[in-house]
Amino acid sequence: MVQATPKALWALAALLFTWSSLAASIKSHGSGGLFLDLADLGVDVTKRQTNNLAGYLGAFFLGADPYVYFYLSNGNDALSFRALNRGQPVIRPTKGTTGVRDPTIVPGGGSELGKKWYIIGTDLHIGRTTWDAAQRTGSRGIFVWESTDLINWTNERLVTVEDATAGMVWAPEAIWDPAKGQYLVHWASKFYPTSDPRHTGNPTNIRMRYAYTSDFKTFSAPQTLIDKNPTNIIDLNYLPLSPTSFLRFMKDETRKTVFVEVSNNGLFGTWTRPGGDGAIIQSGVEGPASYLDNVDPRKVHLLLDFYGSDGYRPFESTNPGSNSGWVGSNRNNFPKNLRHGSVLPINGTVYEALRQRWGV
């Protein structure tokens with residue numbers, strides 16, 4: 001009899017979490033939305049805790065403080081978080097502008113499943129520049145850190161992903177593409193003509209760009225992922241429901257709204273916007289960050305950054321593939337002034353290790 005190692009069991013749990021517990025059958029519901037029904041897959045949703053999901057780890061920046069801050073949930077309460085490290089940053093960049101915004105935790109995929117995690121973010125310290133300059137001659141790279149335990153973060157690097165015509169690279173995120181067997185990394189950029197090397201003229205609209213990588217060191221040539229010209233699009237966030245079904249949330253920077261689109265046939269399948277081109281989830285917000293509830297897999301949580309007010313506020317829906325039906329969640333135990341980041345469901349071993357290492 002072969003005895004499985006703890007690391008192997010962790011990887012198996014992560015695999016089941018990603019493609020079984022998170023998987024959902026796709027049904028028509030409402031105006032072209034999705035309804036997540038694990039019962040159709042023969043899964044007892046009341047026993048989702050057997051995957052040992054014990055809580056959530058959040059990574060955010062705080063307004064004028066462009067560093068990575070960790071927040072740990074109070075058990076499996078998806079709406080109750082406490083600051084780790086006594087409210088001090090867990091990561092302070094030393095390269096580029098020495099400021100990082102929009103940190104996102106990327107779980108490993110493929111052979112790195114359950115063994116590796118990455119944090120990527122925007123190279124921008126707005127206190128040392130202006131918003132105009134940040135979009136004309138901003139950084140064309142993304143920050144990267146990596147970890148094998150979600151505790152220790154090493155190998156800081158700033159990797160250039162765009163060419164010299166790009167004015168900036170904003171809000172990078174990444175998702176494992178099971179069809180490609182690599183990480184799809186995406187970000188927002190605008191571009192200037194080659195005849196305008198100083199970027200003093202009029203740029204293109206902002207569009208979403210992407211590249212593939214296996215190690216967050218070497219990237220494929222960037223390509224356009226989403227271009228809704230003349231509309232400016234930023235802050236793209238994917239939520240996988242199965243190996244072929246995805247939601248993607250994004251901000252219409254022109255109208256200052258966030259909406260969701262749906263694909264049932266892969267990351268490069270046919271994407272539809274439930275409710276039509278004018279349908280939105282919320283206005284006056286940015287930085288959508290989605291995550292599934294550890295206890296009720298029919299529920300999706302969505303953080304929306306009220307950037308002109310108190311930062312992230314939580315929303316929720318049991319019909320997340322629709323632009324209607326999202327409601328504000330209870331905010332009694334949700335911290336104020338958290339800015340664009342991400343939330344990762346974690347198991348009991350990681351939860352306790354984080355608590356022990358960083359304190360609450």
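Student: Which residue in the turn between β8 and β9 has a positive phi?
Tutor: Keep in mind that this is a predicted model. β8 and β9 form a hairpin, and six residues lie between them. In that turn, the residue with a positive phi, about 70 degrees, is L150.

Student: How many bridges join β8 to β9?
Tutor: The two strands, β8 (residues 141–147) and β9 (residues 154–160), run antiparallel. As an example of the pairing, G141 stands opposite T160 in β9. The number of bridges joining β8 to β9 is five.

Student: And how many bridges join β7 to β8?
Tutor: β7 covers residues 117–123, and β7 and β8 run antiparallel. Here Y118 stands opposite E146 in β8. The bridge count for β7 and β8 is six.

Student: How many of the residues of β8 are buried?
Tutor: In a regular strand, side chains alternate between the two faces of the sheet. In β8, G141, F143, W145 and S147 point one way, while I142, V144 and E146 point the other way. Both sets are buried, so the count for β8 is seven of seven.

Student: Which residue forms a salt bridge with E146?
Tutor: Side chains of opposite charge can pair when their charged atoms come close. For E146, the closest N and O atoms of the pair are 2.8 Å apart. The pair links strand β8 to strand β9, with its two residues 11 apart in the chain. The partner of E146 is R157.

Student: Is R157 buried or exposed?
Tutor: The cut-off for buried is under 20% relative accessible area. R157 has 11% relative accessibility, so R157 counts as buried.

Student: Which residue meets R331 in a salt bridge?
Tutor: The N to O distance in that pair is 2.6 Å. R331 sits in the loop between β21 and β22, and its partner in the loop between β19 and β20, 21 residues apart.

Student: Why do the buried residues of α3 line one face of the helix?
Tutor: The buried residues of α3 are V350, Y351, L354 and W358. On the other side of α3, T349 and Q356 are exposed. Looking down the axis, the buried residues line one face because they fall within an arc of 105 degrees.

Student: Which residue just after α3 takes a positive phi?
Tutor: α3 spans residues 348–358. Just after α3, the residue with a positive phi of about 70 degrees is G359.

Definitions and conventions: Residues numbered from 1 in each chain as written. Predicted model: local features only at pLDDT ≥ 70, side-chain atom pairs only at ≥ 80, totals over all residues. Heavy atoms only, no water. Buried < 20%, exposed > 50% of the residue type's maximum accessible area, 1.4 Å probe, protein only. Helix = DSSP H or I, 4+ residues; strand = E, 2+ residues; numbered from the N terminus. Arc of directions from axis to C-beta. Pairing = 2+ DSSP bridges. Salt bridge = Lys/Arg side-chain N within 4 Å of Asp/Glu carboxyl O.
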